[in-house]
Amino acid sequence: MNHHTPLDVLITGSGPTGTALAVDLARRGLDIRIVSKSEHAFDGSRAKGVQPRTLEVLEDLEALDAVLAGGSTYPLIGIHLGPLAAPWRMMRNRKPSADVPYPNTWLIPQYSTDRALHDRLEQLGRHIEFGTELLELAQDTDLVTAKVAGPDGIEEITARYVVGADGGSSAVRKQLGIGFTGSTDEQDRMIIVDAVTTGLSRDRWHMWPRTGGKFTGACPLPGSELFQWMIRLDTGEEPMLDEARLNERIRSATGNRRITLSDIRWTSVFRPNIRLAESYGQGRVFIAGDAAHVHPPAGAQGLNTGIQDAYNLGWKLAQVLAGADPALLDTYEAERMPIAAAVLGLSTKKYDGVAKLDPSSLKRGKDEQQLALTYFGGPLAPADSGRTTTLRVGDRAPDAVLTGRDGERIRLFDAFRGPHFTAVAHGLGAADALDRLEWPAAGAQLKRIAVGSPAERADHLLADSAGTLARVHGLTEDTLLLVRPDGYIGHIATEDILTSTRAAVQALTPPARSRTQASPGGAA
């Protein structure tokens, strides 16, 4: 069987990274397929922490409600020292604020996160092709040809682009011959088990530490009777995964004979990998998520970094397919690789701290939440770009609570939601520039928001009644903010507003010959 008409994008891998990318591209109307070597959806709890920035991404992709319904905030850690259990707060739960609507890391087993994204993809009329393995890749200047083996036999698929989100053992990365620099400690092994557990309270993430960094842990998984058990093995110890020996191993480690595991759903023997790809792609083929970087488990960073890889790459692929300069795709690696390198350092430090019984290694704060990650200084946000008193080009655009014409409260993120760019004009001069800003008919469209001053072509005329926009975004004068489809600031203009914004737009959109005056309300 052959797919003769070239796809826009072929995605390999059906985990959170690949499915998030598929959702983003599908909502943009692109012709895509997503294939997975696995026979079915992943059924383990593995990556169970979703960070605040990722929750914002999931809201934009319209998968957040299911994620919130399937999870909870983290419980206190219960550190068992003999007969006593000392409570320890891993992170301080915060209340939502005008600029950060989801301030807390969300505890949810990976199978539930996967299911939320898979369901969203189905809503968009697409499905994952399970049991379909990539065999070969070949590309020229225009197309990529992928040979895959699926339920119906061998098939050749042609696509304009291919993205490998197929995990740490990525077939796509190996086909490209991209090095995967780093290390795997074969002596440091951990059993991870999802099992129904009795004899243990569900209001704590239980930890039984030992010297030398060895420990046994049990984290209750929301929406189930399951705990995720983590058992760091001694050097040379054989991993015993059958129910009887697991029970005996856990009772010996915890000193609690009442604990009983049953109905084991998933097991894995984990070895800490610390690796970063030497590049994020070649030609028309890219890699993302664990295919590009793998992390120690501490800090809940891997899944989140992968989803945000997808979120960065998706709009850029769509723009180039619509006619933007292909150089825009070079910014994917330039923006995301430094983020992955920094995250690897953070999660490795946290994991090493466990071996030293360092309590700070259990703490989680703003570094893990990924709200402060920035592309400032990168190719789309040079260091001499404009800024406000609180924001630079390349920073995450914060939320704000604004007021509509009838006095209703409107979140800025509600206006951001969707596959478009957003221009926010604050002040009369910026509103005038907003009216005169041209936008291409091809590619992602522009949603125009005027705050505090009228603009004829604005999709929304809003007021900053509580002053949250001015305060959080640091606006002290007429300012036009251009927000990218991934929620990061693409341009800040306070002087020569129209001219500078026009120049910034050229790097992000199809060429000038495609530009037409967009009609009011024409945002996608």
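1. Helix H7 is mostly covered, since 19 of its 20 residues are buried. Here buried means under 20% relative accessible area, exposed means over 50%, and partly exposed lies in between (1.4 Å probe, protein chains only). Helices (H or I, at least four residues) and strands (E, at least two) are DSSP runs, numbered from the N terminus.

2. On the basis of the note: this is a predicted model, in which local features need pLDDT of at least 70 and side-chain atom pairs count only at pLDDT 80 or more, while totals for chains, interfaces and linings use all residues. Residues are numbered from 1 along each chain as its sequence is written, and side-chain values use heavy atoms, with hydrogens and water left out.

3. H7 comprises residues 302–321 and reaches 28 Å from its first C-alpha to its last. This is close to the expected 28 Å, where the expected span of a helix is 1.5 Å times one less than its number of residues. Just after H7, Gly323 takes a positive phi of about 120 degrees.

4. How many salt bridges are there? The count comes to 28 salt bridges, a salt bridge being a side-chain nitrogen of Lys or Arg within 4 Å of a carboxyl oxygen of Asp or Glu. Side chains of opposite charge can pair when their charged atoms come close.

5. One of these pairs joins Asp24 to Arg28, with the closest N and O atoms 3.2 Å apart. Asp24 counts as buried because its relative accessibility is 1%. Arg28 is buried as well, with a relative accessible area of 18%.

6. Glu56 and Arg396 form a salt bridge through their side chains, at 2.8 Å from N to O. This pair links distant parts of the chain, 340 residues apart: Glu56 belongs to helix H2 (residues 52–60), and Arg396 to the loop between helix H9 (366–369) and strand E22 (401–403). Both Glu56 and Arg396 are buried.

7. A further salt bridge pairs Asp234 with Arg210, and their closest N and O atoms are 3.1 Å apart. Asp234 lies in the loop between strand E16 (226–232) and helix H6 (243–254), and Arg210 in the loop between strand E14 (204–209) and strand E15 (215–220), so the pair ties together parts that are 24 residues apart in sequence. Are these two residues buried or partly exposed? Asp234 counts as partly exposed because its relative accessibility is 28%; Arg210 also counts as partly exposed, at 32%.

8. Salt bridges also form a network, which links Glu59, Asp399, Arg411, Asp414 and Arg417.

9. Which residues form a negative surface patch? They are Glu477, Asp478, Glu495 and Asp496. Patches are made of residues with over 30% relative accessible area and no salt bridge, like charges being joined within 9 Å and nonpolar side chains (Val, Leu, Ile, Met, Phe, Trp, Tyr) within 5 Å. Lys and Arg count as positive and Asp and Glu as negative, while His and the chain ends are not counted. Glu477 is partly exposed, with a relative accessible area of 42%.

10. Two residues deserve attention for their backbone angles. Most residues other than glycine have a negative phi. Glu62, however, has a positive phi, near 65 degrees. Glu62 is found in the loop between H2 and helix H3 (64–69) and counts as exposed because its relative accessibility is 52%. Asp263 likewise has a positive phi, of about 50 degrees, although it is not a glycine. Asp263 lies in strand E17 and is partly exposed, with a relative accessible area of 40%.

11. Strand E17 (residues 260–270) also holds Ser268, which is partly exposed at a relative accessible area of 24%. Ser268 and Asp194 are 74 residues apart in sequence and 9.3 Å apart in space, C-alpha to C-alpha.

12. The loop between H9 and E22 contains Leu380 and Thr389. Leu380 is buried, with a relative accessible area of 14%, whereas Thr389 counts as exposed at 58% relative accessibility. From C-alpha to C-alpha, Leu380 and Leu508 are 8.7 Å apart in space, and 128 residues apart in sequence. Thr389 and Gly314 are 75 residues apart in sequence and 30 Å apart in space, again from C-alpha to C-alpha.

Definitions and conventions. Accessible areas come from the Shrake-Rupley method with a 1.4 Å probe; for residues, only the protein chains shown count as cover. The place of a charge is taken as NZ of Lys, CZ of Arg, CG of Asp or CD of Glu.
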